[in-house]
Amino acid sequence: MAENKSLAKEFSKGLIKENPVLRLVLGTCPTLAVSVSVTNSIGMGIAATLVLVCSNVVISLLRKVIPSKIRIPAYIVVIASFVTIVQMLVKAFVPALNDALGVYLPLIVVNCIILGRAEAFAGKNSVPASFLDGLGMGIGFTFALIVMATIREILGAGTFLDSIDSLTKLFGVTSFTGFTLLKQPIAMLTMAPGGFLVFGLVMAAANRIAEHQGKPKAELSGCAACPMAASCALVKKDEKCETAPAKENEKEESAV
Amino acid sequence: MVNGKNLYVSASPHARSRKTTRSIMLDVIIALIPALIASGVLFGLRALVVTAVSVVSCVVFEWAFRKFIVKRSNTIGDLSAVITGILLAFNLPSGIPYWMVILGDLFAIVVVKQLFGGIGQNFVNPAIGGRIFMLLSFSSKMSEWTAPRAGFMNLGGVDALSGATPLVSDDLPKLMDMFMGVRGGCLGETCILALILGGLYLLINKVISPAIPVSFIGTVAVISAIAMLVKHEGAEYIAYQLMSGGLFLGAIFMATDYTTSPISTKGKIIFGIGCGLITCLIRLFGSLPEGVSYSIIIMNILTPLIERVTTPKPFGTPKKEKAEKKEAQA
């Protein structure tokens, strides 16, 4: 029973508590680029989840075989194989999605959620736990993408589920091609600054929810992480600034 | 910031000043009144209504955000939100729909100003932030200029009256018309005379220093003169470059915002030259007709770096280069 409970926890933590995008702040590049349309987000989320689950399982299986010194290249090879498979599938069955996602589909190879879960979880845990971790994280990623894309698409482009038929065509549904809601949308939200704006607001909302559940906020490690720290009047010259670089070094060492 | 925990008070005597945030903001509002009157004369009642809508919504957003969301002391009494409202309205064409004005105010006050901590903490000028938000979002409505003097009571649609701004039009108005503001453009930017009057008021009351406006406008003049020689234009080319777009409005009222411009005079001059350079680069080589707002926002973001290299040395401390040379010799 206890094991089942912990397995369920591995799955559910990725949804909100350790949501990769909103709480761990990983994979922001594809998030900002793809969350312009809900259709693209669903496609990207499914593709990334597939790769994440498969690579987590394989890396977990190989975790005792891979020497720790070359584990990162080994992980990349595993991840890249699955990304290639997924990309071939997308090209074959949903070519419109392949065009819409462009370079971000092959870039799943270097998506830090996937590498991060391989490094932080699958390389150390059993196969079932890694499977559920990958599934939970993938769904959490998809969920964050869809939340952001809903806001950005409705307010920024005035549509909802635009060209969804490129996905539903797989199930034989082609009649529904999305709603048109606004005549004069706020175009900035579909651009890069709007992406950052919505990202920040959704992250603030996720922090608020986590706070209500009594969990710690996802915060930057003090002012030391800010590039303006040296010239900023708000930074007190105390131990924070001295310890922060040391922490970074530790992280680098553990990552290399 | 106000609670004084980090504020070290030296021994007396202390120089006292009667200036408060509120009195400075009031001075800026007074300085903006000539341009407001000019916008009413030129673009009719709708210009005044747009300004009023903008001011009211800025104040309401500031009050509501601090009251209900961050639950901190209210800052609408310092009148800074009023100025943001007026300046944002001055950067809009008079035919702009009211709901767009309100959205721009929401962005300026909540996103640019309050999310970063309120007055004194905003990372760029809120009015310019709001303008660029609207420019990116509603670009077609933001460049539909109303022809001036179309009738004072004209509150309705203005599509039939729209004309191009002199920066993109071949059909140039007379120089005197440019100076008095009889041309298409944003509400507050066209009447150069009113803007200069307001600027002089601010200079006489020592609300702003001349460093930023002079270096900003001067840089644009110098680069326009070079461009005039290259393009074989007449001398009036410089005058048109200076008086079109929002150069005077930006240089006098928006680039001089205390929070987002450098403190030292040297820093201010660097800031002004940078603004002028970027403005001219955008005007002459960019795909946009006007670059004043982008130039100010870029220099706003660079301000902390300018401050870092222009920090004045306290009297009596050795100069860095000399100390380094001595070390090298030793």
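Biologist: How many residue pairs are in polar contact between chain B and chain A?

Modeller: This is a predicted model, and side-chain atom pairs count only at pLDDT 80 or more. Between chain B and chain A there are zero salt bridges. For polar contacts, both at pLDDT 80 or more, the count of residue pairs is two.

Biologist: Which helix gives the most to the side of chain B that touches chain A?

Modeller: Three helices of chain B, α4 (98-113), α5 (126-137) and α13 (292-309), each supply at least two residues of that side. By class, the side of chain B that touches chain A has 12 nonpolar, two polar and two charged residues. With five residues, the helix that gives the most is α4(B).

Biologist: What area do chain B and chain A bury between them?

Modeller: The contact draws 16 residues from chain B and 13 residues from chain A. On the chain B side, L136(B), S137(B) and R308(B) lose the most area to chain A, together 36% of what that side buries. Carbon and sulfur atoms carry 75% of the area buried between the two chains, which is about 1,100 Å².

Biologist: At what angle do α12(B) and α13(B) pack?

Modeller: Helix α12 of chain B spans residues 265-285. Its contact with α13(B) includes G267(B), I270(B) and F271(B) of α12(B), and V292(B), Y294(B) and S295(B) of α13(B). By class, this contact has 11 nonpolar, six polar and one charged residues. The axes of α12(B) and α13(B) lie 8 Å apart, and the packing angle is about 145°.

Biologist: Is the crossing of α12(B) and α13(B) left-handed or right-handed?

Modeller: The two helices pack with their axes 8 Å apart. The crossing of α12(B) and α13(B) is right-handed.

Terms used:
Residues are numbered from 1 along each chain as its sequence is written. Chains are lettered from A and ligands numbered from 1 in the order in which they are written. This is a predicted model: local features need pLDDT of at least 70, side-chain atom pairs count only at pLDDT 80 or more; totals for chains, interfaces and linings use all residues. Side-chain values use heavy atoms; hydrogens and water are left out. Contact means heavy atoms within 4.5 Å. Buried area is the accessible area (1.4 Å probe) that two parts lose on being put together, summed over both. A salt bridge is a side-chain nitrogen of Lys or Arg within 4 Å of a carboxyl oxygen of Asp or Glu. A polar contact is a pair of N or O atoms within 3.5 Å; within protein, one must be able to donate a hydrogen and the other to accept it, and residues adjacent in sequence count only if both atoms are side-chain atoms. Helices (H or I, at least four residues) and strands (E, at least two) are DSSP runs, numbered from the N terminus. Ala, Val, Leu, Ile, Met, Phe, Trp, Tyr, Cys and Pro count as nonpolar, Asp, Glu, Lys and Arg as charged, and the others, Gly among them, as polar. Axes are lines fitted to C-alpha atoms, for helices over the stretch in contact, and angles run from 0 to 180 degrees between N-to-C directions. A crossing is left-handed if the near helix is turned anticlockwise from the far one by less than a right angle, and right-handed if clockwise.
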